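Trainee: I would like to learn how to read a structure like a story, feature by feature. Could you walk me through one?

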Amino acid sequence: MTQEGTVLRKTPGGDAVVEIVRQSSCGGDCSNCKGCAHPQQTLEVTVSDPVGAKPGDRVRITAPTGKVYRSASVVYILPVILMFVFYFVPSGSEGTKILCSLLGLALGVGISAAYSRRASASGSLKSSISDILD
């Protein structure tokens, strides 16, 4: 996964704070979907800087694609799967099944939150500057 941005400043740890423009899901072509209230968002992200970019440089940022997809699966899909699994576990009334499915959903959200914290702390999902474009 790649994105382009502009280096705003360097951090004391050697990383770079980069401004990126995040476009809407339609790719910024709002005339086709006619549904975008906010077609673009400007974000500041901290990325590792192995190439030595300077403030003002236009850069290409890469993210570990496989790890991003795996994390998205854990965060978005696991809670839903656990909700369905826990619905079919008990053999009782409908109310019991619904309570168990909510328990499964809560467990999935808890696992997702723990996974997210661990991934953030380890830096395994951290993007890095791959090229200086200017």
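Trainee: Among contacts between residues at least 6 apart in sequence, what share joins residues at least 24 apart?

Mentor: In this predicted model, that share is 67%. Pro 50 gives you a case to look at: Pro 50 and Gly 14 are 36 residues apart in sequence, yet their C-alpha atoms are 8.8 Å apart in space.

Trainee: Where is Pro 50 placed, and between which elements?

Mentor: Pro 50 belongs to the loop between E3 and E4. Leaving aside neighbours within four places in sequence, Pro 50 is in contact with Ser 128 and Ile 129.

Trainee: Is Pro 50 buried or exposed?

Mentor: Pro 50 counts as exposed because its relative accessibility is 63%, and the cut-off for exposed is over 50%. Ser 101 has 9% relative accessibility, so it counts as buried. Beyond residues up to four places away in sequence, Ser 101 touches Met 83, Phe 86 and Tyr 87. Over the chain, buried residues make up 22% of the 134 residues.

Trainee: How many helices and strands are there in the chain?

Mentor: The chain has three helices and five strands. Along the sequence they follow the pattern β-β-α-β-β-α-α-β.

Trainee: How do I read the two faces of a strand?

Mentor: In a regular strand, side chains alternate between the two faces of the sheet.

Trainee: Which strands does E4 join through bridges?

Mentor: E1 and E4 run antiparallel and are joined by five bridges. In that pairing, Gly 5 stands opposite Val 59. E4 also runs antiparallel to strand E5 (residues 128-132), with four bridges between them. There, Thr 62 has Ser 128 as its bridge partner.

Trainee: And which residues form the largest nonpolar core?

Mentor: The general idea comes first: in soluble globular proteins, nonpolar side chains tend to be buried together. Here the largest nonpolar core has nine residues: Val 7, Ala 16, Val 18, Ile 20, Val 47, Ala 53, Val 59, Ile 61 and Ile 129. E2 and E4 are the elements that give two or more residues to this core, and E2 gives the most, with three. Take Val 18 as a place to look around: leaving aside neighbours within four places in sequence, its contacts include Val 7, Val 47, Val 59, Ile 61 and Ile 129. Gly 5 and Glu 44 are also among the residues in contact with Val 18.

Trainee: What volume does the largest pocket have, and which residues are closest to its centre?

Mentor: The largest pocket has a volume of about 930 Å³. Of the 26 residues that line this pocket, Met 1, Ala 63, Val 68, Leu 125 and Ser 127 are the closest to its centre.

Trainee: Which elements supply the lining, and what classes of residue are in it?

Mentor: Strands E1, E2, E3 and E4, together with helices H2 and H3, each supply at least two residues of the lining. H2 (65-88) provides the largest share, six residues. By class, the lining has 15 nonpolar, nine polar and two charged residues.

Note on methods. Residues numbered from 1 in each chain as written. Predicted model: local features only at pLDDT ≥ 70, side-chain atom pairs only at ≥ 80, totals over all residues. Heavy atoms only, no water. 1 Å grid on protein atoms, 1.4 Å probe; cavity = no way out; pocket = protein on both sides within 12 Å on 5 of 7 lines; lining within 4 Å. Points joined across faces, edges and corners; volume = space filled by probe spheres on them. Nonpolar A, V, L, I, M, F, W, Y, C, P; charged D, E, K, R; others polar. Core = buried A, V, L, I, M, F, W, Y, C linked by side-chain atoms within 4.5 Å. Buried < 20%, exposed > 50% of the residue type's maximum accessible area, 1.4 Å probe, protein only. Contact = heavy atoms within 4.5 Å. Pairing = 2+ DSSP bridges.
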